[in-house]
Structure formats: C-alpha cells, structure tokens
Amino acid sequence: MVLTIFEGLIFSFVLLMICVIDIQNGAVGGVHFYEQDVKDRVVELGLITKKEIKKNLMLSGAPLWIYMIFLMPMAVYLINGADSFMKGFIQLTIIFWIGGAFDRIFIDWYWVGHTKAWLIPGTEDLMPYIPKSALIKKWVSTIIGYPIFAALLSWIYSMIVL
C-alpha cells in the first residue's frame, strides 16, 4: 500500500511537471487545457494558432498517456507484485485518485483559480477559466472515469503479465 501511495504522488508530480513545462514561457503555452472560449480568444488575439494549440496538446498528452498506459500499470504488476485483476485494479484506482485529487484541488482550484500563473492577458472576462460545469465534469471523470480506466488497464495487464 505504501508503494501505491508513493506512485500516486509520483503521478501527481508528473501532472505538475507537464503543467510547469507547458506554461514555462507563459500561460498561452498551456491554453490547450482551457475551455474552448478561451482558446478561441487567444487565437483571435494572435497569441497562438490553432495548429500550435493542437501541437502543444500532443506534446503534453503523449508523456502523460505513456505514463498512464504503460509505466504505471507495469509498476503495479511488476514492482508492486499485483497478481490478480482485483489487486491491480485497486492499486491503479488509488494511484489515479491521488493524482486526480491533486489535479482537481492543487492544479485546478488553487493554481489556476487563485494565482496569476495561468492568467492570459485579454481573457480576464472569461474567468474563471474552469467554470462550474467543467469542474463538475472533471470531478466525475476523476471519481468514476478513473476506476473504469483502471479496470480496463487491469484487465489488459492481468492477461499479459499474469
């Protein structure tokens, strides 16, 4: 269980580093995480193109998906010793929930919602950048979507590894 919690903290760190790298030269670099109205405004202002937004999404999404689909389950099954679907499912769900809670509370609520790090000049009227409806969807995907994803990964890895 200690390894699982540690891996959840590593997942949180991976999420944090992806965000830090994306906004290292300003919040526009992470605009692919924003709602569509903000993306449209930033393109209108000439701060970035739709093509650059798509490229940035791919550059930040690829390492995250590689981590989530390959590295995390491999750690659960090969390092933590999960020897069944259920053990893998429980560990992956805990890891995802830790990372998801970190993302919702620290990144979304605090960092995006209460600091100026993610502020894009010319879009202040579109704040909050994460409206209530989007926040609800993110929490639902964290609470319900992550266990479904964990179940799928556990099923696949229990077939391959066990």
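1. **Order of elements.** From one end of the sequence to the other, the chain reads α-α-α-α-α. This is a predicted model. The chain holds 5 helices and 0 strands. Keep that pattern in mind, since the points below go from helix to helix.

2. **Overall dimensions.** The C-alpha trace spans about 55 × 25 × 20 Å along its principal axes. The chain has 162 residues, and 41% of them count as buried. Now look at contacts between residues at least 6 apart in sequence. Of these, 73% join residues at least 24 apart.

3. **H1 against H3.** Two packed helices are described by the angle between their axes and the distance between the axes. Start with helix H1 (residues 2–22) and H3. Their axes come within 11 Å and cross at roughly 170°. Angles over 145 degrees count as roughly antiparallel, so H1 is roughly antiparallel to H3.

4. From H1 come Leu3, Glu7, Ile10, Phe11, Val14, Leu15, Ile18 and Asp22. They meet Ser60, Leu64, Tyr67, Met68, Met72, Ala75, Val76 and Ile79 in H3. By class, this contact has 13 nonpolar, 1 polar and 2 charged residues. Find Glu7 and Asp22 in the list: both belong to the H1 side.

5. Leu15 sits in helix H1. Is Leu15 buried or exposed? Leu15 is buried, with a relative accessible area of 8%. Set aside its neighbours within four places in sequence. Leu15 is then in contact with Leu64, Gly99, Asp103 and Ile107. Leu64 is one of the H3 residues that meet H1. Leu15 and Arg41 are 26 residues apart in sequence, and their C-alpha atoms are 25 Å apart in space.

6. **H3 against H4.** Helix H3 covers residues 50–79, and its axis comes within 10 Å of that of H4. How do these two axes cross? They cross at roughly 125°. The two helices are therefore oblique to each other. The crossing of H3 past H4 is right-handed.

7. H3 contributes Met68, Met72, Pro73, Val76 and Tyr77. H4 contributes Phe85, Gly88, Phe89, Gln91, Leu92, Ile95 and Phe96. These residues divide into 10 nonpolar, 2 polar and no charged. Compare the two lists for H3.

8. **Salt bridges: the count.** How many salt bridges are there? The count comes to 5 salt bridges.

9. **Arg41 and Asp125.** The side chains of Arg41 and Asp125 meet in a salt bridge, at 2.7 Å from N to O. Arg41 lies in helix H2 (residues 36–44), while Asp125 lies in the loop between helix H4 (85–114) and helix H5 (132–161), so the pair ties together parts that are 84 residues apart in sequence. Asp125 is exposed, with a relative accessible area of 54%.

10. **Lys87 and Asp83.** Here the side chains form a salt bridge at 3.0 Å, N to O. Lys87 counts as partly exposed, at 45% relative accessibility. Asp83 is partly exposed too, with a relative accessible area of 47%.

11. Arg104 and Asp103 meet through their side chains in a salt bridge of 2.8 Å, N to O. Are these two residues buried or exposed? Arg104 is buried, and Asp103 is buried as well. The pair belongs to a network of salt bridges that links Asp103, Arg104, Asp108 and Lys138.

12. **A cis peptide bond.** Check the step from Met127 to Pro128. The peptide bond there is cis, with omega near 5°. Pro128 is found in the loop between H4 and H5. Asp125 lies in that loop as well.

13. Ser141 has its place in helix H5. Ser141 is partly exposed, with a relative accessible area of 37%. Ser141 and Lys50 are 91 residues apart in sequence. In space, they are 26 Å apart, C-alpha to C-alpha.

Notes. Residues numbered from 1 in each chain as written. Predicted model: local features only at pLDDT ≥ 70, side-chain atom pairs only at ≥ 80, totals over all residues. Heavy atoms only, no water. Salt bridge = Lys/Arg side-chain N within 4 Å of Asp/Glu carboxyl O. Helix = DSSP H or I, 4+ residues; strand = E, 2+ residues; numbered from the N terminus. Buried < 20%, exposed > 50% of the residue type's maximum accessible area, 1.4 Å probe, protein only. Axes fitted to C-alpha atoms, helices over the stretch in contact; angles between N-to-C directions. Parallel < 35°, antiparallel > 145°, perpendicular 65-115°, else oblique. Left-handed = near helix turned anticlockwise from the far one by under 90°. Contact = heavy atoms within 4.5 Å. Nonpolar A, V, L, I, M, F, W, Y, C, P; charged D, E, K, R; others polar.
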